Amino acid sequence: MNGKKIIGTLTAAVLCCTVLLGFPHLTTAPLCAEAADGRLYNQWEAKWKDVTWDGYATTGNSMYTSACGIFSFCNALYGLNGTEADAVEVAQWAYEIGAFRPGGGGTYRDILYANIEKKFGEKFHFTLGKEYFGTVTQPAAINHLKTGGVIVLHVPGHFIAVTGYNEENQTYHVIESAVSDSRGLSGDSWVSGQKLSQGKTAGSWYILLSNTKAPERAEVGLNSGIDYAGANEVIDFVADSDTRNTFALGINDKDGERLSTLYVRDYALSSRQHFRYQLPVGDYSCYVTGANEFGMIDSPDFVFHVYEGAPEKADFKISAEKGETGKPIDLTLSSDLSTEQIVHIRRNGEQYRDLRTVRVLKDSEATDVWTPELPGEYALSAEIANSYGKLEPAAYAVSVSGDVPISFDAAGGTVENAPETVHYPGTYGELPVPQRSWWKFLGWYTQPQETDQPETQPDAAEEQDAEPPQQITGSTKLTNTDAHTLYAHWEKIYQRGDFNIDDRIDNIDAQLVLDRYISSLSGFESAPVDLHGFENADIDGSGDLTVADAQMILLYYVTNTVAQREVGWEHLLDPETTTTTTTTTTTTTTTTTTTTTTTSTTTATTTKTTTTTTTAKTIATTAAATTTAATTTARTTTQNSTAATTTAAPPKTTAASTTTKAATTTKAATATTAAVTSAATAKTTTAVQTTVSTTKTTTAA
């Protein structure tokens, strides 16, 4: 490209990073340079944990923890002239000359920078300038950055690289090898001078690096990444080089005649430069020259076309309308003229994602691949456009099969052997049956079961939008193709005789019923009773709780729990007409058994009998004590009534009448209580006798 060259000068800056630890021999092979986040080196990449030195097996013996001094130097070089210095090589050399100490030592900057230019200056194309104490807001630092140099800066406990200065807003370009919240720097960013003068990023020392490398690479293209642009657009040309330069962009027509030459000279910014220009419809070529004081280079010619008009033809095809998760589907787009193609993908009626391509179609085809990750029903449509207009060819419906994750919430119960996935399309198949004591399983539903008293009341809009729970059975078709949970719904099973609703029938229920009955006789107010508990304890269906109900509950408990004879309520309520399913029948005069009983069984039965007798006695004693209390209360009431009559000195006829009524009430209460106590004792004794008979029968056997 002789005759096209444009001479300019530029110097560039390089970024450098951390220090290395160890003895002269590495315990891992050197690693190649690898750019990350705009940097040559990112200290927090996991691979640096394995770069250690023999003899330092303690915390900190790796480039991951201790190499900011080495990394900052290498990153600074990369920003200066594009050199990709091997950080492991630099670290090993630094250790050998005593410029680096593993663990708590880090990099000794005075030793490192007293020797590093002699060792690597020619190889990495740099020279060192003066070192300064202070921050980069000093004129010496700013002038160096403005002329293409870079700086390695020391901040509290850390090294960073400063590779540019923007005079317009007075900001500094910083490359950070080890991003941390405490310093508040990203890997590649522009920050203020104030940021570099305070806190964890307050500079205290810096050294200047200058470039000695001629450019070896220059490139130019359109920022869109394509070789077509619209006639009504400002075209964004991007020039790049391996070192900072003065750039000159030459634009020629299709016959090679020069139309324009554009220049950019800015040492302080990145080597990528932008040229913006507008051209009429036609075919063009361009190239860029990159130059600095050490040399220059021309890029290859770049050919592009400026068009006008919207696309008139467009087509969209897919390789299959049925697919499976994880298996690719080919997409083909064609057009007579377009600069952008978008494939819109909707899943289950909702927008899922867009596939974009930057290929330009001019009487040709472009292909792409879509690999569905989730099962469901999809709709694919294409949009083929340029800056003048767009076309939307035919759309497609695609059904994608696959496994849908599913979980089961037993809502207080237990569930076993539950499937983890359900295949779509299809039905739910066999579903597990959960278990929960004293609850009836109603089925699996799409929403949790509502409670009588929800913790929060939904507003009217939420109630209107909320969908009612749908019951799911094995034959229900799977429509929800996202991971979801099924919820168990239950109905409480209330046991007859369970007064306190604790899912068991025992002597406590009988005691509570008896207490309530006696309290009602004494005129005391009892605590409110759960409606189901009241219904459960009303054994005889009288509509009230009586001592007879307490006796029946106690009898049920003694027979079924203590004596361990399975006897139902029907038999206990009407023993004359109902038979039981037990294998042993006992009467007071005849004993029949088909089971061989050992001595240990007899002992156990005797123990149960003793327990039963004690329980029965406890109920009877409690009833007697409570009756006495009721009688005392009645007497007290009478005495108080008499005292009140005497104090008020009413007419004699009134006092006599009141006293007579009180006495009558007292006698009635006493008589009633005695009768209840007698009945309770008699029935309790009968229960004990029945149990004793059972014991004797077993013993006889």
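How many helices and strands does the protein chain have? The protein chain has 12 helices and 33 strands, taken as DSSP runs numbered from the N terminus (helices: H or I, at least four residues; strands: E, at least two). This is a predicted model, in which local features need pLDDT of at least 70 and side-chain atom pairs count only at pLDDT 80 or more, while totals for chains, interfaces and linings use all residues. Residues are numbered from 1 along each chain as its sequence is written, and side-chain values use heavy atoms, with hydrogens and water left out.

**Burial, contacts and surface**

- Of the 701 residues in the protein chain, 44% are buried (under 20% relative accessible area; exposed is over 50%, partly exposed in between; 1.4 Å probe, protein chains only).
- Among contacts (heavy atoms within 4.5 Å) with a separation of 6 or more, 68% join residues 24 or more positions apart.
- The chain exposes about 35,900 Å², and carbon and sulfur atoms supply 50% of that area (Shrake-Rupley method, 1.4 Å probe; for residues, only the protein chains shown count as cover).

**Salt bridges**

- The whole structure holds 13 salt bridges (a side-chain nitrogen of Lys or Arg within 4 Å of a carboxyl oxygen of Asp or Glu).
- Glu324 pairs with Lys327, with the closest N and O atoms 3.5 Å apart; Glu324 is partly exposed at 39%, and Lys327 is partly exposed at 46%.
- Glu392 bridges to Lys390 at 3.7 Å between the closest N and O atoms; Glu392 is exposed at 56%, whereas Lys390 is partly exposed at 46%.
- Arg504 and Asp506 form a salt bridge with the closest N and O atoms 3.2 Å apart, and Asp506 is buried at 9%.
- Arg217, Glu219 and Asp240 belong to one network, joined by salt bridges that share partners.
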